[in-house]
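The chain is shown below.

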Amino acid sequence: MDNSTSRHTFSLTGFSSIRELQILHAVLFLGIYLAALLGNLLIITLTTKDPHLHSPMYFFLKNLSFLDLCLISITVPKSITNSLMSLNLISFLGCVAQVFFFFLLATTEVALLTVMSYDRYVAICHPLRYGSIMSHRACVQMAAYSWVSGGLNAVLHTAATFSVPMCGPLEVHQFFCDVPQLLSLACFCNIWELLVIGLSLLLDLGCFVFMDVSYVHIFSTVLKMPSREGRSKAFSTCLPHLVVVTLFLSSGFFAYLHPLPKSPSSLDLLVSVFYTVVPPTVNPLIYSLRNKDMQKALRRLQQSWCCPAH
């Protein structure tokens with residue numbers, strides 16, 4: 001790593017240099033962040049306190065909510081602060097930290113979403129074997145493997161991204177330190193990070209194909225169910241998960257595969273919002289408002305607060 005680079009701070013251009021729009025951005029992002037914070041904390045609380053939700057599906061959902069909470073917290077609060085202060089700066093170490101934790105959390109989330117699709121496949125297609133296959137030990141191991149894969153990917157991306165010295169004005173045309181923008185600042189082609197990105201995208205594509213195959217089997221089984229209520233419950237738990245996965249991965253693929261324009265693009269900013277801000281905000285709404293078990297757990301929690309047992 002070039003020693004001169006480490007003495008610099010990066011400039012995050014953000015969404016606008018107009019003061020009024022900066023304030024509007026800060027207010028909007030603050031509202032989104034508080035909604036994501038409240039929703040994910042609520043899911044973590046319900047899945048922890050309610051014994052009816054102590055099942056593999058909700059164990060993974062609790063992990064997903066924790067990931068979403070952390071994922072949105074590494075980018076949005078800094079962006080809000082920069083907009084309010086009209087400063088738009090981030091230290092070199094702060095930028096390194098954002099890259100590391102973004103890949104740690106995003107990779108772990110992709111792995112966990114893959115595990116969740118497998119959980120739904122076993123529950124619907126092999127219900128009699130569900131208890132033995134998705135034991136507590138197996139669930140903990142799968143969650144741990146997801147975190148380990150995220151950690152390894154984060155180390156590779158962070159080391160490769162900052163292994164090449166950066167030249168010119170250190171302006172990142174984003175609201176956080178995103179790798180595609182950082183690659184455009186490299187003094188020469190960063191072949192190592194391009195290779196790491198290619199490997200990551202292949203693994204993400206593999207996860208996406210695995211999830212698609214799982215859902216093909218799930219939906220073919222669901223359509224054969226005689227009970228209309230059973231079909232409705234299966235679709236209500238699987239379709240939202242598939243929508244979230246598609247949104248998260250498709251926006252990420254677009255951001256990391258399309259060539260960067262020579263001038264700042266509002267499209268890049270919009271796409272980055274779809275894989276950094278939207279999933280952590282939308283996930284709690286999808287998994288709580290459309291899930292009857294979560295709704296019942298929320299009512300039980302409200303009743304316990306209003307009428308505590310004596």
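## Disulfide pattern

Counted along the chain, the bonded cysteines pair as 1-3, 2-4. A disulfide here is a pair of cysteine sulfur atoms within 2.5 Å, and the structure holds two. The model is predicted: local features need pLDDT of at least 70, side-chain atom pairs count only at pLDDT 80 or more, and totals for chains, interfaces and linings use all residues. Residues are numbered from 1 along each chain as its sequence is written, and side-chain values use heavy atoms, with hydrogens and water left out.

## Cys95 and Cys177

The sulfur atoms of Cys95 and Cys177 are 2.1 Å apart, and the torsion of -125° about the S-S bond makes this link left-handed. Cys95 sits in helix α5 (residues 92-125) and Cys177 in the loop between β3 (171-172) and α8 (179-183), so the bond ties parts 82 residues apart in sequence. Helices are DSSP runs of H or I with at least four residues, strands runs of E with at least two, numbered from the N terminus.

Cys95 has 0% relative accessibility and is buried; Cys177, at 2%, is also buried. Buried means under 20% relative accessible area, exposed over 50%, and partly exposed in between (1.4 Å probe, protein chains only).

## Cys167 and Cys187

In the disulfide of Cys167 and Cys187 the sulfur atoms are 1.6 Å apart. Its torsion is about 105°, so the link is right-handed. Cys167 is partly exposed at 39%, as is Cys187 at 33%.

Cys189 is in no disulfide and is exposed, at 55%.
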